[in-house]
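Subject: Structure handover

Hello,

Here is the structure I promised you. Please open it and keep it beside this message as you read.

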Amino acid sequence: MSPMSVLRRPGLLLSAAMTITVPSVLATLAVVGHEHAIQEARATAVSLGADAPPASLPSGSESAVRPAVLAGSSAGRDAAAAHAAIFDAVVNQQHDGMRLLGKAATAGLNTSYQGVELIAQSGVTGTLTMISSVWHRAGGLTVTQTSDATVLAGSQPYVAYAGDGNSPEGVFGVTKPLVTLLGKNYIAMFTGKGSAVGRPAFIVELDRADGSLAARFWLDSKTLVPLRRDVFDTSAQLVSEDAFVQVQFGPLAAPPSATRPVSSQWSRVAAPAKLLLDLDGQGWQLPATLPGGLALYDAAQSKSGAGQVVDLGYSDGLSVISLFVERGTLGKMSGWQPVSVRGHVVYVAEHSITWAGPGFVYTMIADAPPKTVEQVVAALPQSSAPGFLDRLGRGLDRLASLMNPFH
Amino acid sequence: MSHLREQISALIDGELAGADLDRANAHLAACGRCREEAASLRQLKRELRALAAGPFDLAADQATGSAPGPEGADEALTRRLLSMAGPGGPVPSRRFRREQFLRSRREQPGGRPGGSGTGGGGLPGTSATRRPRADGQPYAGRPPREPHRRGRYMVWSAVSLVVVGVGAAAFSMGGNTAEPGPNITPQLQMFNVEHAINSGDVPFPDPTQAPTARP
């Protein structure tokens, strides 16, 4: 077909014209729209800079935002400057978020307060609600008395001395080790001001890597002590809600009288990974990580009437699972409710889940979404009736071991 | 002259003796009619015996020149009656068939070295089919198995016993999935405090030690 014959066909000409024109128009529209977005983003960055925590935060926040503001007020309209402004604003939000959480961990120790906490968490058997009276003197004594909302009287008061490493420290899970883990697994964003329990508060949100909301903290704007924490699962469902329903900062009244000091029965382990390695050689089956991105970050040992007990703390900074392992078989389980979790029979008592593994008893206490808890239970060793061949094979192994003169 | 009459049958059957036998023989020598009657009676009796003994026995009797006795005739009659039970003859017993099979294997040209290679054709249980005992006495009961077969059975029995015994022991020992250990009831109060240290939150109460429920 010759070129002349092609030119004679108007349909082909029209198609060629459309092929050139339409992309050109779309490209022009995209450029115009991009300019408009840049202007909006610039305005947002200026607004965030104005909402940053003012007096209670170090001046780093303002100095970090200032270039963005300057960039917005300058006459330059190029896209690179606008992108830099957005980036700086986001970085400042994250920086402020992590800095606020870090300060909140310290404030929980160094601030005197007393109040009443309401704790509502979703467990594998339903929602658990507790009320806790807390009395804390800055850098010293802490007295807590927690009770189940369904019972008349509370538990025995628990007395601890802050700062010894063997006492509960922090408020609503905001501790230094956990905040460090939060920074590795989540994106903390300071999102503005709000209020909780009638007090002005800074709001810090934790986002997952996929952008979904994982938690939201309200920090007292004056002391930075956490006032409230909401935790959401991957389906955006609220799975934990911890909040002061009554709080008072400053000079405290005398501590509750009906208290008695409790000495710690645990000894901390400096190198949890090494402990796992040592126990693995003795037949203990202890994982280094748990499903849900929970990594081993703490360990302690103690003695019970039955022997050695090992506590392993797993967390991603937000969810915390304490796994207690000891040799033996399950004994009397009065007060425990048998529940089937992913095909395994376990015993549940509110936050605690226990089951028999091969030669060991596993007890888990979890501050984690129920889905994560179920995954963890399914991943850990379980004791089950072996099949015929398994039983025969294990018996032959034991026979061989008995008859081996070099064993 | 009076003829022998009833004495002819007694004479043919050999029942006469002494003076009666002499008097009957003297009469036969002089009387042709009685001789014919006696001859016909003997022929009839011979034919009856031939019918009872069968052709082979009769031939054997004729060959040996001896007449079968009354007991032999009874046995021959019994065999003939048995042979009339069916076209294939009487069904032999299982033991007879087994021994016949073993005998046929021994008689094969490429048979085992321990085979006797003798016998064949005789009835089961006869001395011709058995290995003679050292003392020459006949076997009283079941014939003994060959030594190599008995050893093989013993080896197989021993192996089976060992396998079953080891298997049963292994199955029994493999039943307990867990090493024996103490019975554990989790110390929740102690664990809750430790978890509070890990989680930075207040210690949970021990629900297994819960006080009185709210009314």
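Some ground rules. This is a predicted model, where local features need pLDDT of at least 70, side-chain atom pairs count only at pLDDT 80 or more, and totals for chains, interfaces and linings use all residues. Residues are numbered from 1 along each chain as its sequence is written, chains are lettered from A and ligands numbered from 1 in the order in which they are written, and side-chain values use heavy atoms, with hydrogens and water left out.

**Salt bridges**

Arg199(A) sits in strand β6 (residues 199–207) of chain A and Asp220(A) in strand β7 (residues 213–220) of chain A, so the pair ties together parts that are 21 residues apart in sequence. Strands (E, at least two residues) and helices (H or I, at least four) are DSSP runs, numbered from the N terminus.

Asp220(A) is buried, at 1% relative accessible area. Arg199(A) is partly exposed, at 22%. Buried means under 20%, exposed over 50%, partly exposed in between (1.4 Å probe, protein chains only).

Arg216(A) forms a salt bridge with Glu205(A); their closest N and O atoms are 2.9 Å apart. This pair also links strand β7 of chain A to strand β6 of chain A, across 11 residues.

Asp278(A) bridges to Lys274(A) at 3.1 Å between the closest N and O atoms. Both are in helix α6 (residues 272–280) of chain A; because they are 4 residues apart, about one helical turn separates them.

**Nonpolar cores**

A nonpolar core is a set of buried Ala, Val, Leu, Ile, Met, Phe, Trp, Tyr and Cys residues joined through side-chain atoms within 4.5 Å. The largest has 50 residues. Those touching the most other members include Leu101(A), Leu219(A) and Phe191(B). A second, separate core has 31 residues, among them Leu312(A) and Tyr362(A).

**A surface patch**

Val155(B), Trp156(B), Val159(B) and Val163(B) make a nonpolar surface patch of about 410 Å². Patch residues have over 30% relative accessible area and no salt bridge; like charges are joined within 9 Å, nonpolar side chains (Val, Leu, Ile, Met, Phe, Trp, Tyr) within 5 Å. Areas come from the Shrake-Rupley method with a 1.4 Å probe; for residues, only the protein chains shown count as cover. Trp156(B) is exposed, at 57%.

Best wishes

Key: Salt bridge = Lys/Arg side-chain N within 4 Å of Asp/Glu carboxyl O.
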